[in-house]
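Today I'm going through one protein model and jotting down what I look up.

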Amino acid sequence: MVLQRSDGRTDNLQLRPPTTTLSPLSRADGSARFAYGKSAVLAAVYGPKEVRLRDELLDSAKIEVLFRPLVGLSGTTERLYEKTIREILESVILKHLHPRTSVQVTLQVTSDDGCILSCAINATILALMDAGVGLKSMVASVTCIIDDSNQLVLDPSAEEIKGAKSVHVFTFDNVSKDVTSCVSTGVYTYEQYKSVFEVSQSACSSVQAVYRQTMENKVGGVETVDEE
């Protein structure tokens with residue numbers, strides 16, 4: 001526990017209020033914006049659509065991901081994000097329903113105060129649901145760090161990440177409750193990893209509840225969810 005974090009939160013295990021917006025882009029088949037506090041990513045989904053003959057997969061859809069940073073050109077970090085998100089989508093999209101097609105996901109960072117990969121994963125899942133793409137499960141992502149005093153900090157700001165001993169980006173599905181993806185960097189113990197795993201699993205359940213509320217609101221004609 002801490003008295004106050006850099007962005008005003010008073011608990012190390014407190015998520016910034018997730019904010020979601022469905023269908024902000026009119027020309028995409030599905031789109032969504034997901035934010036943790038001041039970190040936000042916009043996702044657009046195109047497809048399933050026809051694909052060039054050389055890119056066809058006979059028994060499934062081809063998944064493509066393009067990640068654009070807040071400023072400048074894409075680099076090594078963005079390539080890693082694309083690979084991570086593509087691998088997650090390969091495991092959750094019902095690709096066999098759309099053979100010889102492609103599903104393209106374009107992601108644009110609109111503001112960055114930490115946890116951008118988690119925001120991007122969550123925005124992507126919402127955009128896929130908005131597009132009506134069949135999914136095996138809803139996956140959600142959160143980020144945790146072990147700070148320089150060996151404290152676990154959930155959903156860190158950019159300032160908090162700078163001093164972290166290790167950073168962990170977890171993604172869990174809502175069916176098996178198992179981890180779908182984990183990207184961990186830095187130095188940490190097995191006990192610390194177990195603690196981060198458990199906290200992240202619980203936090204992802206909260207994010208999935210936001211997904212459900214977002215989709216219910218879409219049916220009811222409400223486009224934005226601001227979780228207080």
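First, a term I need: two strands pair if DSSP finds at least two bridges between them. Helices (H or I, at least four residues) and strands (E, at least two) are DSSP runs, and I number them from the N terminus.

With that sorted, I looked up strand 8 (residues 166-173), which pairs with strand 9 in the antiparallel sense over seven bridges. Phe170 sits opposite Cys182 of strand 9.

Before going on, a note on what I'm using: this is a predicted model, where local features need pLDDT of at least 70, side-chain atom pairs count only at pLDDT 80 or more, and totals for chains, interfaces and linings use all residues. Residues are numbered from 1 along each chain as its sequence is written, and side-chain values use heavy atoms, with hydrogens and water left out.

I traced an open sheet of four strands, in the order 7-6-8-9, with antiparallel pairing. Which strands stand at the edges? They are strand 7 (152-154) and strand 9 (179-186); each has a single partner strand, so one side of each is left without a neighbour in the sheet. Neighbouring strands here are turned by 20° against each other on average, direction ignored. For angles, axes are lines fitted to C-alpha atoms (for helices over the stretch in contact), and the values run from 0 to 180 degrees between N-to-C directions.

Next I checked what packs on this sheet. Helix 1 (residues 76-92) does, touching strand 6 (139-146), strand 8 and strand 9; contact means heavy atoms within 4.5 Å. The direction of helix 1 makes about 160° with that of strand 9. Helix 4 (residues 190-219) lies across strand 6, strand 7, strand 8 and strand 9, and runs at about 140° to strand 6.

I found a cis peptide bond from Gly47 to Pro48, with omega near 0°. Pro48 belongs to strand 3 (residues 39-50).

Ser23 isn't a glycine, yet its phi is positive, near 55°. I found Ser23 in the loop between strand 1 (18-22) and strand 2 (30-36).

Arg100 is in the loop between helix 1 and strand 5 (101-111), and counts as partly exposed at 46% relative accessibility.

Arg100 turned up again when I looked at Ser60: not counting residues up to four places away in sequence, Ser60 touches Lys95, His96, His98, Pro99, Arg100 and Thr101. Ser60 is in the loop between strand 3 and strand 4 (62-68) and is buried, at 10% relative accessibility.

**The core**

A nonpolar core is a set of buried Ala, Val, Leu, Ile, Met, Phe, Trp, Tyr and Cys residues joined through side-chain atoms within 4.5 Å. The largest one has 52 residues, and among those with the most contacts inside it are Ile85, Leu107 and Leu128. Helix 2 (residues 116-131) gives this core its largest share, 11 residues.

Terms used. Buried means under 20% relative accessible area, exposed over 50%, partly exposed in between (1.4 Å probe, protein chains only).
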